[in-house]
Amino acid sequence: MDLLKVIFLVFALVCFSTGKSLSKKDGILPKLVEIYKELNQLKKSVAEEISHDVKELVADEVAKKTTWSCGFESSCADTFKNSATGQIKWIKKNHDGNLPDRKHPRGVAMLVQITQQYAILEHDFEIKSQTQCGEFYYQMYNREGCDVARFLVTVQCEGNKESETILRRSSSIVRNWQRQMFSLNKAPGTKCKMVFRVSKGLYKPGGSIRIDDFTMYQRACPKEGGPHFPEHMDCSFNPWTNKCAWERSGDVTWASRDRSTPTGNTGPDRYYGISSAGGRYLYAEADNNKDKTAVLTTPTLKSSTPYCMRFFLSMNGRDMGDFDVELLQNGKAKNVFSKKGNQGNKWREGRVELPANQELKVRMKATIGNGSLSDIALDEIEFQEGSCSPDFRLCDLSDSNEGTCVYKDDKCGAQKPTLGPSFKKLAEQAAVKNTLINSVGWVNEGWKLSFDVMIKGTVRSWTNLISFNNGKSSGIGARVPSIFVRPRESRLHICTNIENSWNWCKDSATFALNKYHSVELEQKRDGGTFVYSIKIDGKQLATINNRYPQSHDNIKAYLSDQFHPASNAVVRNIIFQNTDSILRCGDKCTPIRSQENVQGEQTEVLTFDKYQCTKENEIHMELNLPKKTQLIRGSCVEITYKVGRPRNNNRNCDFIVYQRRADNNKLEYLGQKKTSFQEGWVTSKIDSSYRLADKPSVGLFLKSYFNDNCPLVSFAAFKLLDGPC
């Protein structure tokens, strides 16, 4: 029975029990009718409110599922087509020499070169909800000046006679990415076309225009005063990206830098990311700022879904202070992340989850410690839709949901660092080509070489005096160190491996002939880095920081080397010693973590950079399978990877896969994959004969050797599949 009818009957019973009539004369009936009408109206209002709330919830759910984005790395780029009327073509390109991809140095964007002709790029799409917000990023670069090119972006939808202008600009010399947003209020199902048109301006053509990261949100664009989309708060602090929207405040001014901070033994060595890409980070300088704070705060944020904020933090230094992240709501601050004290010379990842459907701000606060060795740095702040996952996972299992696989940063176990070999050769000896004086074995990150040399005369060509090398005349390990004498001179040319250069050299002053001079070369630890120095006759000739020192295997010492004529000189008191070794484990080659579009899906990937790595780098995947899991048909190892461009495109990267036997813990070779540079992600498979049966776990290992032929490799998947490949 209708609730309003029940109420009406109740009133009637009350009147009957009290002897009152329902006559118009007594006025009760009109009052009941009036009450009935009011209640009926209230019912309608409540129903409308509920309907409105339900519609909003449904709209939010639709928005969660239908936000569409294209960074042009995947097949989504096929929905952007060159118009047949265009005279030149837009193309996918990963780098035009002027600006990296907006998000990732090896990503791609759509690019057109400015010529006398024009280009038109079209994208057809369908409206999914009544209110939509679109955005894209663009960059206009030219070498000439104003009005080199014209850039026009329009949208044409069904039912509209004329197109709507989204953006109209003439190019100037602007190298950073710009964001453009636009609103669409159309009925769902309406078909629309975006048109990106580029034509030459009044000035002579030259330069390029690029677009990237086209996104359609199924929700209204943020108003000027907010609340804002969380993903608009991404900050890499690089000069080419869009301006960081965080507000800076506090007692200490945030500063931007690309390399180590001015104070030694504190701060990071460089920005977080791929070394060849270039980049910057933000840091708070500790000098004369004891107990002071530097603060970053977002504008008001809100989203219908949870978001995970990822960032990378450096807290390196013995005087280190504190770092906190707070969520600000209704005038109250809630601490959601905190680090105190020295965290070592490594970028550390932090994650904070932002709740859905709540207006809030995020505040990051760096508090300087009690001394100058307390520089605190931030890099790569990124907001990702969805909840924060507890662990980074590179691998997966296709046959069981109960197993786990975790990327391991550290793999050294109980190993201990060793200083390695040293030797002395005190007797005087003349330099003779290809004369081996000691089979050293290896040279650590820290080492010292001293000797006395007498140059007896000059030679017309380059000559070699002393060389520590791995049997090669060039490349990493060829000069660690190597000392030459310049042509027609009595000056030494002293070379060694510093960071990404295998041939960093320094010349001495002119030596007096037929007189002994002392030479001392040393690379020693200084806090979190190493310093290389040269002394001649006890006086300092040069010093330089070596942020990425390397150890070198298969090294032999020669007086003089195998590749050059010998110097006209004699040498005595040769003393070499390995003085320091770092057992870095995972830090030996710290992987760079990022989000990329991998074969159509956003995926967390690991990137290994030659310039941050040494001779061998290993990904260690543990598969902890339940005992009931059986791979009786054998198994298949699947790897999804992307290889950076080597100096010689004909060279290969080598990936070697091993499995660890559960019965004796030994490694067994499974297979090797050679691959050359190519655009995009590649998936390869290697058969494994391993059958789990009752064995509870198996370890898989992927090794790769990084050098000039294989400088940069990213991994998106490392899987063990049931059955043969």
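Tutor: A disulfide here is a pair of cysteine sulfur atoms within 2.5 Å. This is a predicted model, in which local features need pLDDT of at least 70 and side-chain atom pairs count only at pLDDT 80 or more, while totals for chains, interfaces and linings use all residues. Residues are numbered from 1 along each chain as its sequence is written, and side-chain values use heavy atoms, with hydrogens and water left out.

A search of the whole structure finds five disulfides, and one of them is formed by Cys495 and Cys505, with sulfur atoms 2.1 Å apart. The torsion about this S-S bond is 110°, and the link is right-handed. Cys495 sits in strand E30 (residues 491–498) and Cys505 in strand E31 (residues 501–510), 10 residues apart; strands (E, at least two residues) are DSSP runs, numbered from the N terminus. Cys495 is buried, at a relative accessible area of 0%, whereas Cys505, at 24%, is partly exposed; buried means under 20% relative accessible area, exposed over 50%, and partly exposed in between, with a 1.4 Å probe and protein chains only.

Another disulfide pairs Cys133 with Cys221, whose sulfur atoms are 2.0 Å apart. Because Cys133 belongs to strand E6 (residues 131–141) and Cys221 to the loop between strand E11 (208–217) and strand E12 (247–250), this pair ties together parts that are 88 residues apart in sequence. Its S-S torsion is about 100°, so the disulfide is right-handed, and both Cys133 and Cys221 are buried.

Methods:
Helices (H or I, at least four residues) and strands (E, at least two) are DSSP runs, numbered from the N terminus.
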